[in-house]
Amino acid sequence: MDLKKAFEINKATWNQKTAIHFESEFYDKDAFAKAKNSLNSYELNALGDVKDKKLLHLQCHFGQDSLSWAHKGAVVTGVDISDEAIKLARKLSVDLGIPAQFVCCNVLETSNYIKEKFDIIFTSYGTIGWLPDLKPWAQMISKRLKSGGVFYIVDFHPIAWMYDYNVTPAVMKYHYAREEAIYDEFEGTYANDTSKMVSKEYGWNHSLSEVVQSLIDAGLSINLMAEHDDSPYDVFPNMKLRDDGLYYLEDGLYPMLFEVRAVKA
């Protein structure tokens, strides 16, 4: 398929999403401006103290998590394919008085725009599904990490992407490790399902073995891999909030999240 066209369509959709997401309850801009934190317990526990560490945030959207890490003392660079999102991230950095650098590029081309190396590379919640192949992604991560540097991902479990959510109830439709792109077109976004914008998206499914093996092949050593039944976000059908403040599937038949942490020798 024409990957350039797919990326252009995805970029256009994310450019449309940016303003809608910024005004949504999901991202709660007023609460973020007060707390200056949008991070969840998984990433906070996995990465610990980030003070004075150079951190690269991949696929940062409009920068709430990037600025959260910067507020905790990290020296942060965020990258995203959407120029509208990067424009807003830069504005938020100035408005909130939290220094951070933001670069607009396809994440797979990060090394064409950024030459420095980082102590930490971070990505989270709905990122790798926008990438057709994780091998160049992992190679880029390895290239941008310092020796002893840490890469960490927490994302939705690949089982969740086997379903077609455009029908009710959702039906299992796609292979766990499907190689072909999945094209989706629907009204609204995960952050505002009442929006009238039409999301046009190309996505790719990636198995856990593909995630792990791509990092190993790129020279990283895995020191954490876990799967979790809960999610901090209510973005799939039939999820219920529990007393711990996290969301769970009603039937609980498969995990909602996975996390992987790896170190470069």
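I began with Arg242, and I found its charged end over the ring of Tyr248, 3.9 Å from the ring centre; a charge counts as sitting over a ring if NZ of Lys or CZ of Arg is within 6 Å of the ring centre and within 35 degrees of the ring normal. I noted next that Lys17 lies over the face of Trp14, at 4.0 Å from the ring centre.

Before going on, I wrote down that this is a predicted model, in which local features need pLDDT of at least 70 and side-chain atom pairs count only at pLDDT 80 or more, while totals for chains, interfaces and linings use all residues. I also noted that residues are numbered from 1 along each chain as its sequence is written, and that side-chain values use heavy atoms, with hydrogens and water left out.

**Aromatic pairs**

I looked up the aromatic pairs and found 20 in the whole structure; rings of Phe, Tyr and Trp (its six-membered ring) pair if their centres lie within 6.5 Å, and planes under 30 degrees apart count as stacked, over 60 as edge-to-face and the rest as tilted. Is Tyr254 buried or exposed? I found Tyr254 buried, at a relative accessible area of 13%, where buried means under 20%, exposed over 50% and partly exposed in between (1.4 Å probe, protein chains only).

**Strands**

I then followed an open sheet of 3 strands, which has the order β11-β13-β12 and antiparallel pairing; two strands pair if DSSP finds at least two bridges between them. Its edge strands, β11 (230-231) and β12 (239-241), each pair on one side only. Tyr248 came up again here, as the bridge partner in β13 of Asp230.

For strand β4 (residues 118-124), I found 6 of the 7 residues buried, so this strand is largely enclosed by the rest of the structure. β4 pairs in the parallel sense with strand β1 (residues 54-58) over 3 bridges, and His57 stands opposite Phe122 of β4. I also traced 6 bridges that join β4 to β5, again running parallel, and there Ser124 has Val154 in β5 as its bridge partner.

Phe156 is found in strand β5 (residues 145-156), and I recorded it as buried because its relative accessibility is 7%. Among the residues that Phe156 touches, not counting those up to four places away in sequence, are Tyr125, Trp161, Tyr233 and Phe258; contact means heavy atoms within 4.5 Å.

**Helix α5**

I listed the buried residues of α5 as Ala85, Ile86, Leu88, Ala89, Leu92, Ser93 and Leu96. They cover an arc of only 160 degrees around the axis, which puts them on the same side of α5; the arc is that of the directions from the helix axis to the C-beta atoms. The exposed residues Lys87 and Val94 are on the face turned away from that buried side.

Methods. Helix = DSSP H or I, 4+ residues; strand = E, 2+ residues; numbered from the N terminus.
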